[in-house]
Amino acid sequence: MPQAVETIIARCLIEPGFLGKPRAANESLAQADFGPADLEKIRRFAGFICKVKHNHLWGLFPATRRLICHYGIELDIFTKYRLEHDPRAFNAGIESVDDRLISFINFLDAHFSSHGSSYPYPMLLEVLRHERFIWETRLVPIAPAVQPMSSDDLQASRWIDFQRLVVGLDPSLRLFGFHYDVQSIAAQLEEANLEDEIPRGSERVLAYYFDRHSDAVRVVEVDPITTQLLSLINGKRSVRRVIFASRVLGLGHARPVEFREFFEDAHRFGLIKLSPERM
Amino acid sequence: MLYNDGCLADSVVGLAYSSTVPDFIRASDGLVDYVEVPFELLRHNPSVFDSCAGIPIVLHCASLSIGGSVRCSDQTVTEIEDWLHRTESPWLGEHLAFITAAREEAGEMLPEGIPAEPYDIGYTVSPPMNRHTLERAANNFESYSQRLNVRLLLENSPLYFQMPSSTMSQSEFVRELCQLADVNLLLDLAHLYISAGNIGFDPMKELERLPLEKVLEIHISGVDRQPDGLWDDHANPAPDILFKMLERVMQDGRTRAITLEYNWASTFSRTVLSEQLEKVRETLTRVPCTA
């Protein structure tokens, strides 16, 4: 009998399908003299093992982990994840660390999203997304397809030539709207000093992009006009066409030349690239 | 001096390996004596050995499946042997647990009646505590000790639920195992505390039931308290009761080494780590190891 117990336990711990079928699992456990309540304990133990096996993946998502731990739900999350994730590929060395990370982060995103407004931990999704954008921004290929103009050349160009330039987004750029101040939350978590009440505010858009000069991901808040202008840039439109579209969409009160400062600043920050060619 | 007649000298304190630990030890100015490194990590990433250059290593292991029915592969045992030589570890700490289980018992056979590969849990699980397991563990222990030619320490695994077919407590099991074979112990105080909370016994009283004179190494780490029980947690500092337990073990034991296991969070606070080390040092000063 003892060997049979070990075999059943092992099967429960490594086969997601088996644990996900309470009837089959319960029948096997009953054969080994487990009580009905033990299935839940074994399920939690499987979640615990899953948690331990994912410890090394948290380095890129420290604030997400700290917030999960702050709420005391790390084991709950891994117990749910364990029902979907098959550990055998990793145990056998087939699943790469990157595959593992992507699978886990996709799960977390879906899990935090699935509850909608009824989820008691609404900050989690936004903090996860914030760290996810930082991670993904770093993964984007560094070299732009077309060599952009220098800032000096740009400033020296005549307005008529400037308007003919093609404008493209930096390939690493991502924009996302948040209702919580995720940067402040991450900082508070790092200092182990999270405020008790963090209010949900109106939407603020953050831009994530890779700064090649400092070899670091930059995060800046962008205003609604900048957000609208950036949303019209596709690597094919000229400056003139982007200005035209934005004026049609509500910025008609501004003269075209007043947009030049935006393009020059955004180019200098690395959010966009201006070039005589299509990108 | 760290080594003394093949053992670590009295009162040494170490840290379980994480990527930040070697630099922490080098900067700690003698606060930490050694680093404990899992064999499985060295096997997967041998450069970890180089990152620990100049720091004594104690090798830890979770592959032998001492409490299981499936023997560890010969190749793995050879690799453990190699790493024991390279690290010059004074002993090998291994779990009193199983990590693999026979698949054919679940009725799974390959074509032509060939037994399928065993289930590989990838994590150590405390086995059923009964006479059958006891004999098997004693045999496995003797066999691996001979093969590896090194002192093998057995670590108590945490109990998260009552294992069916168990007929004795873990302390009874350990005591009988020490009588059947020349076993030395790696007593994980967090595991013992977790087992006490989950199964329902007093951890201080349970210490009295263990052969403390057999304890050569101690593990200390955190405990995660959840609504359904206690769970192992190497990402948070140990509760104070673990230091009372440490003091008690040190009074009777021959403990040579105390390892703090805070290796589940790369962001573990260095300040807290230093405080935990100081607490261990303080306890050792109060109860010097004289054996």
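Reply: Two strands count as paired here if DSSP finds at least two bridges between them. Keep in mind that this is a predicted model. With that rule, strand E3 (residues 204-211) of chain A pairs with E4(A): the two run antiparallel and are joined by seven bridges. One place to look along that pair is Phe210(A), which stands opposite Val217(A) in E4(A).

Now zoom out to the sheet. E3(A) and E4(A) belong to an open sheet of three strands in chain A, in the order E2-E3-E4, and the pairing is antiparallel. Strand E2 (174-178) and strand E4 (216-222) are at the edges; each has a single partner strand, so one side of each has no neighbour in the sheet. If you ignore direction, neighbouring strands are turned by 25° against each other on average.

For context, chain A has 15 helices and five strands. Of its 279 residues, 32% count as buried. Take the contacts in chain A with a separation of 6 or more: 74% of them come from residues 24 or more positions apart.

Next, the packing. The largest nonpolar core has 118 residues, and among those with the most contacts inside it are Leu13(A), Val35(B), Leu59(B) and Ile220(B). H1(A) is the top contributor to this core, giving seven residues. Domain 1 (2-121) and domain 2 (144-275) of chain A both supply residues to it, so the core lies between them.

Val35(B), one of the residues with the most contacts in the largest core, is worth a click.

On to where the chains meet. The contact takes 29 residues from chain A and 29 residues from chain B. On the chain A side, helix H1 (2-14) and helix H4 (38-53) each supply at least two residues. H1(A) has the largest share, eleven residues. By type, the chain A side splits into 17 nonpolar, five polar and seven charged residues.

Five bridges join strand E12 (residues 222-226) to E13(B), and the two strands form a hairpin with two residues between them. Gly222(B) has Asp233(B) in E13(B) as its bridge partner. Strand E13 (residues 229-233) of chain B is mostly covered, with four of its five residues buried.

For contrast, Gly200(B) is in helix H7 (residues 189-200) of chain B. Gly200(B) has 8 C-beta neighbours inside 10 Å, and the cut-off for exposed is 12 or fewer, so it counts as exposed. Trp231(B) is 31 residues away from Gly200(B) along the chain, and their C-alpha atoms are separated by 14 Å.

Conventions:
Residues numbered from 1 in each chain as written. Chains lettered and ligands numbered in written order. Predicted model: local features only at pLDDT ≥ 70, side-chain atom pairs only at ≥ 80, totals over all residues. Contact = placed C-beta atoms within 7 Å. Nonpolar A, V, L, I, M, F, W, Y, C, P; charged D, E, K, R; others polar. Axes fitted to C-alpha atoms, helices over the stretch in contact; angles between N-to-C directions. Buried ≥ 20, exposed ≤ 12 C-beta atoms within 10 Å, placed from the backbone. Core = buried A, V, L, I, M, F, W, Y, C linked by C-beta atoms within 7 Å. Domains from an automatic or database assignment.
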